[in-house]
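Good morning, and thank you for coming. Please look at the sequence and the structure while I go through a few selected places.

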Amino acid sequence: MIRFEDILATVERFHPNEDLEILRRAYIFSAKEHHGQIRKSGEPYFNHPLAVAQILAEMKLDAVCVTVGLLHDVVEDTSVPLEVIEEQFGKDVANIVNGLTKINQFQFYSKEEQQAENFRKMFLAMVDDVRIVLVKLADRLHNMRTLQFLPPEKRHRISLETMEIYAPIAHRLGMGKMRGELEDLAFSYLEPEAYQEIKKSIESRQKVRQEFLDEVKDLIAQRLQEHEVPGTVESRIKRIYSIHQKIKRQKIPIEQVYDLLAVRIITSTVKDCYAALGLIHNLWRPVPGRIKDFIAIPRPNMYQSLHTSVIDTHGQPFEIQIRTSEMHRVAEEGIAAHWKYKTGSSSDNKDDQRFLWLRHLVEWQQEMQDPSDFLSTLKIDLYPEEVYAFTPKGKVIILPRDASPVDFAYAIHTEVGNKCVGAKVNGRIVPLKSRLKNGDIVEIQTQAGHTPSRDWLSFVKTSRARNKIRHYINVSQRERSIEIGKKILEKEARKFKLNLKKLVDEGQLLKAAPDYGCTKLEDVYSALGFGKISARVLLGKLVAPSELEEAPDEKVSKFTTAVKKVLGFASGATIQVKGADDLLVYRAKCCNPIRGEDIVGYITRGKGVAVHARRCANVANLLYEAERKIDVQWTGAADGSYAVKLSISVDDRQGMLAEITSTISDIKTNIKNIEAQSFEDRRGLIHLTIEIADLRHLERAVAAIKKIKGVDEVTWQ
């Protein structure tokens with residue numbers, strides 16, 4: 001049971017000069033407003049804000065932040081307006097509560113759009129006051145700790161959002177402890193069997209491993225004392241989700257995870273850190289390529305430490321991390337460790353560097369209108385950065401893994417990226433799609449008048465480069481589509497002997513624009529140019545039906561029907577463009593979308609509308625021209641089946657193939673084709689083509705296969 005007195009005592013211990021009266025008033029106010037509300041667990045709702053306040057207090061945050069923890073749901077979940085919060089608790093508290101409150105007063109077309117707008121609002125508010133995201137992370141952490149009381153679908157959705165958005169935010173802010181717990185909790189719901197398997201493996205040898213770590217700690221402490229290097233020694237076992245990632249990425253057993261066991265040496269100065277590293281390498285043999293100096297070159301989230309992996313005389317690998325006490329505090333708590341408040345939100349230079357990614361995020365997100373684009377680019381931007389490249393003058397440029405010289409160019413400046421024509425890496429000319437490695441010295445060659453190539457979108461990795469290239473292409477393509485749209489409309493108007501200039505001058509054309517989601521004439525012309533709007537249908541909205549001849553429509557109808565028949569499109573097509581039933585629509589072969597999946601339409605040149613699954617790897621590259629995207633939907637009754645190819649990574653053992661085929665047969669699924677391979681490391685790969693009815697059927701088949709012992713991974717296309 002959480003006691004308010006304990007929260008008060010914690011805040012007072014870390015902030016002895018804070019006025020705690022605001023906390024007492026917030027406690028009474030929140031308890032009163034949430035009175036009678038019950039959580040899914042059956043406990044009083046007020047337990048949640050109380051728990052969030054406790055997490056914030058333990059993070060050593062100030063009284064204002066802890067006050068917000070108590071009040072963060074009041075405006076959203078009760079009838080209290082924001083003005084009352086400002087009146088009773090001040091502008092600072094009200095601003096943070098407002099930044100945390102979801103946008104509910106607007107009508108959204110989809111859950112995705114609403115989610116995107118809520119994140120936009122939060123990120124914009126974070127730029128002014130980072131305490132907003134600290135409270136949000138504490139709120140999410142307590143929700144994850146009590147997630148077991150929600151229905152399975154909701155648990156999965158919230159866990160996925162936590163893994164894709166909130167845990168990476170905690171990482172970018174350097175909050176290692178917060179990130180680790182969020183990832184483990186989300187992983188336990190997303191992949192419960194894999195989670196339990198790793199947990200069981202760790203617990204089975206917990207005692208042996210702990211005894212080993214204790215011996216190592218004692219030996220290091222003794223050696224530090226002998227050489228008069230001040231420091232304390234701690235140990236830890238790698239977190240479950242981190243182990244899972246490494247096993248999956250490197251395809252190795254848990255015994256080969258070098259940093260499964262880790263010892264941490266916390267010293268007083270940077271000099272002592274390097275002295276301790278020398279002592280460690282005299283004690284044990286270091287693993288080549290596993291020595292990392294994050295003190296000389298800190299990570300983007302300001303994490304600093306020396307890392308080295310060593311192997312003891314019995315062949316046991318383990319990692320040693322060496323850092324100062326200040327570095328350790330920042331590594332655990334991140335931006336929360338030293339965020340200072342003078343006028344509500346001010347920071348030192350390190351905070352500014354750590355927050356630079358957020359400022360860039362806010363810059364490009366204001367240009368992005370499509371919610372799915374915003375969310376997908378956000379997820380890419382939140383991934384950890386891993387490559388450290390240098391300019392010829394020695395400036396460090398930090399980029400994601402597999403970044404290209406084009407990413408490097410845009411990281412320097414937009415104009416450098418736009419005018420980039422070539423690159424030298426370590427003095428040698430390389431292709432622009434080359435992958436950069438740690439330590440590369442990159443020189444960008446530019447040429448006046450050069451413009452970005454759409455081909456760059458197939459290999460750039462940073463959201464900054466991708467969005468700058470997209471923006472340039474969108475602007476140039478829009479200008480072209482407006483010109484084409486005008487010509488199409490003029491031609492159609494002449495065909496029916498209509499005075500288009502008069503329709504435009506009298507505002508008739510502009511009146512029809514909202515029917516197509518347009519606000520300006522240029523938008524209408526652009527949509528016409530891209531084929532989103534039929535010129536004849538548009539004119540039909542502007543004049544009386546008698547003014548339009550029927551013959552052309554009849555011809556178009558017969559032509560459309562004939563083409564659909566040739567291409568195999570029945571009148572009861574299962575996919576349709578929203579608001580139009582006479583456009584040619586086909587499923588893209590690259591991803592083969594199946595009924596029930598999230599889908600997106602892309603207007604092709606001369607082939608109709610290509611429909612891709614949202615998951616398709618090509619979607620991000622295809623939709624650089626926002627004008628070509630079009631809403632599509634599944635229609636009609638579910639009939640027939642879809643051929644889906646499964647790739648299953650397995651242990652190469654006797655009976656594995658029989659178990660898999662038997663499992664598929666048990667859920668009444670037909671196998672059309674099967675191929676199997678085995679490798680020297682006792683691993684195997686099975687390719688199956690099965691017939692499924694819809695997405696739920698597929699998910700059921702994949703889940704059944706994953707339950708088979710020895711199945712590591714199941715992917716499909």
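K60 lies in the loop between helix 3 (47-58) and helix 4 (63-71); helices (H or I, at least four residues) and strands (E, at least two) are DSSP runs, numbered from the N terminus. This is a predicted model, in which local features need pLDDT of at least 70, side-chain atom pairs count only at pLDDT 80 or more, and totals for chains, interfaces and linings use all residues. Residues are numbered from 1 along each chain as its sequence is written, and side-chain values use heavy atoms, with hydrogens and water left out.

The phi of K60 is near 70°, a positive value in a residue other than glycine.

With which residue does K60 form a salt bridge? The partner of K60 is E333, and the closest N and O atoms are 3.6 Å apart. A salt bridge here is a side-chain nitrogen of Lys or Arg within 4 Å of a carboxyl oxygen of Asp or Glu. This pair links distant parts of the chain, since E333 is in helix 16 (residues 325-333) and the two residues are 273 residues apart. By this rule, the count comes to 21 salt bridges.

Another of these pairs is E319 with R236, at 3.8 Å between the closest N and O atoms. E319 is buried, with a relative accessible area of 7%, whereas R236 is partly exposed at 23%.

Let us turn to helix 22. The 33 residues of helix 22 (residues 463-495) should span 48 Å at 1.5 Å a residue, and its end C-alpha atoms are 46 Å apart, which agrees. The expected span is 1.5 Å times one less than the number of residues. E492 has its place in helix 22 and counts as buried, because its relative accessibility is 13%. E492 and A535 are 43 residues apart in sequence, yet 6.6 Å apart in space, C-alpha to C-alpha. Just after helix 22, K497 takes a positive phi of about 55°.

Finally, K668 also has a positive phi of about 55°, although K668 is not a glycine. K668 is found in the loop between helix 29 (656-666) and strand 19 (670-678), and is exposed, with a relative accessible area of 75%.

Conventions:
Buried means under 20% relative accessible area, exposed over 50%, partly exposed in between (1.4 Å probe, protein chains only).
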